[in-house]
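Here is a short tour for anyone meeting this protein model for the first time. Have a look around before reading on.

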Amino acid sequence: MSLFYSIIWTAGRGAFHEAIARLKLKYGDLFAIQLGRGRVTVVSCTDYIRHILTDRNTYEISETTNRNFKLIFPTALLAIRGDDFKRHSRIMLPMYRKNKTLPFFDKIVLCIDRFVEKEFSCQDRRIHTDLVVKCQHVLLNIIAIIGFDYDLEIGSPMDGDALRRAFNDVIKCANHFALMAGMPLWIARMRLAIDFKFQRALRILQHYVICIIDKEQKRQRDEQQTLTKPKSLIASMVTAAENDRLEMGSSKALLSTSELFDEVSLSMVAGFETTSTALSWFFFLMSKHLDVQVKIKEELHYHGLTPSATITPDDLDALVYVECVMKELLRYAPIAAAIVRQATRDDIINDIIVRKGDIFLIATQNMHRDPRYWKIDPTKFIPERFLDEDKHPPPYAYMPFGGGHRACIGQDLALFELKIAIARLMQRITIEDAGNEANNSGGFIQRITCFPKHVAVRVYMDSNTNLTT
Ligand code: HEM
């Protein structure tokens, strides 16, 4: 136990991953910090992480850290464990796999194209300092189309605006709330009850989700129409739950309407900020690495993906370097710097005694930057590492989506969205550091995810002739 130190966590001093990295330098791979009223053990080496993530009977997601979240969406994956988790994950895990998301390829491309046209086509040498917000806007459009089959850009202005605001408010409030994990439960409950904006947004969202669920259930009852595929992810969830019920010969749906609603809401919250944060890091990092942009453009050009060419799912599969850029982005940018587990019974990790209820914070960002696990300098942004030297990092050294049985269920969708976004953006635009004219120094803003603080870039539309200049 001599490796353990108790340290008072002083929040507000920079980003979370920076603080955890500093503490690792000082105290090593295993140390304890005081977070709120509880003690949390921070883990930063593969041996301990393997032990924790492979023993699903002893280590679960933490009840303490997810407590507030439970108040908002009580039956969503993040709030449940055990048999309930198994029942939900039967429906939810396959939901974001490639076969389910592939049909949305063209719609995601369309959202990126609209973004490019709207923000960058006027070629006025403007310096863009609001790309974090703009990336959130794009992701909201993508979520609405994939999840709800609703086009926020061309839907009726009344519906579109109401739904957009409801999305925004639910996501903002859920994030805000989850951040206040140390708050006494009764205060959290009270705050939630008097948050009228959130309650209103939730009602609007509920209305849309329940309409889709009803419509889908009706469609399924009409035998003639069951041959057509569900048009949105919510509709797919309803179909999957119904098919599962039929297979099991049960009279009750596997997931009730309110459970489906909680899952839809969780997916929105979990999938929105993470992916939009990744996209804003992409803009920042590309502005600092023109050489990487040139290489992406060379690869696109090699595959005939000129600025005016259409892009297909097969093209996407062929883009090896783009894949490396995406992996490196998820390694280098501190989007989600850690994951949390709690011991559900006593245990021993090597010579460390673990008591039931102990909380472990697995510092994934520390792993991403640990020179023991990476052959090429991990402090540098070098996508080529994934072509060769660091193609296969040791297990548990690279975990942008967490690991074990509670790993991110949306990772395939996130990778799909990001790869389309990177390829399509690089097909059409070049991103440039604004230099001395504005502050493009990066830095961090820590919320649930950590996004770049100062982004100031110019964006140029590519013509078919200036691809690799
Ligand atoms: C770049 C994008 C994303 C990143 C970096 C990311 C990262 C993560 C991480 C680190 C976790 C915790 C895993 C663990 O504890 O081991 C997680 C959980 C989760 N993510 Fe993601 N995520 C992303 C996108 C998405 C998307 C697009 C969705 C859904 C549409 C999603 C849905 C979820 C859900 C539902 C969980 C909770 C799983 C559970 O409790 O079992 N995520 N994500």
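How many bridges join strand E10 to strand E11, and do the two run parallel or antiparallel?

## A pair of strands

Strand E10 (residues 442-446) and strand E11 (residues 450-454) are joined by 4 bridges and run antiparallel. Strands here are DSSP runs of E with at least two residues, helices are runs of H or I with at least four, and both are numbered from the N terminus. Two strands pair if DSSP finds at least two bridges between them. A hairpin of 3 residues takes E10 into E11, and Gln446 sits opposite Cys450 in E11.

Before going further: this is a predicted model, where local features need pLDDT of at least 70, side-chain atom pairs count only at pLDDT 80 or more, and totals for chains, interfaces and linings use all residues. Residues are numbered from 1 along each chain as its sequence is written.

## Two domains

The chain splits into domain 1 (1-73 + 337-399) and domain 2 (74-336 + 400-461), with bounds from an automatic or database domain assignment. Their C-alpha centres lie 25 Å apart. Where they touch, domain 1 brings 34 residues and domain 2 brings 41 residues; contact means C-beta atoms, placed from the backbone, within 7 Å.

On the domain 1 side, H3 gives the most, with 6 residues. That side divides into 18 nonpolar, 9 polar and 7 charged residues. Here Ala, Val, Leu, Ile, Met, Phe, Trp, Tyr, Cys and Pro count as nonpolar, Asp, Glu, Lys and Arg as charged, and the others, Gly among them, as polar.

## Two packed helices

Now for helix H13 (residues 290-302) and helix H15 (residues 320-332): they pack at about 145°, with axes 8 Å apart. The axes are lines fitted to C-alpha atoms over the stretch in contact, and angles run from 0 to 180 degrees between N-to-C directions.

From H13, Val292, Lys295, Ile296 and Glu299 meet Tyr321, Val322 and Val325 of H15. That contact has 5 nonpolar residues, no polar ones and 2 charged.

## The core

The largest nonpolar core has 135 residues, and Val170, Ile234, Leu329 and Ile422 have the most contacts inside it. Such a core is a set of buried Ala, Val, Leu, Ile, Met, Phe, Trp, Tyr and Cys residues joined through C-beta atoms within 7 Å. Buried means 20 or more other C-beta atoms within 10 Å of a residue's own, again placed from the backbone.

Helix H12 (residues 257-288) gives the most to this core, with 16 residues. Leaving out residues up to four places away in sequence, Leu329 touches Ala278, Trp281, Phe282 and Leu285.

Definitions and conventions
Contact = placed C-beta atoms within 7 Å. Buried ≥ 20, exposed ≤ 12 C-beta atoms within 10 Å, placed from the backbone.
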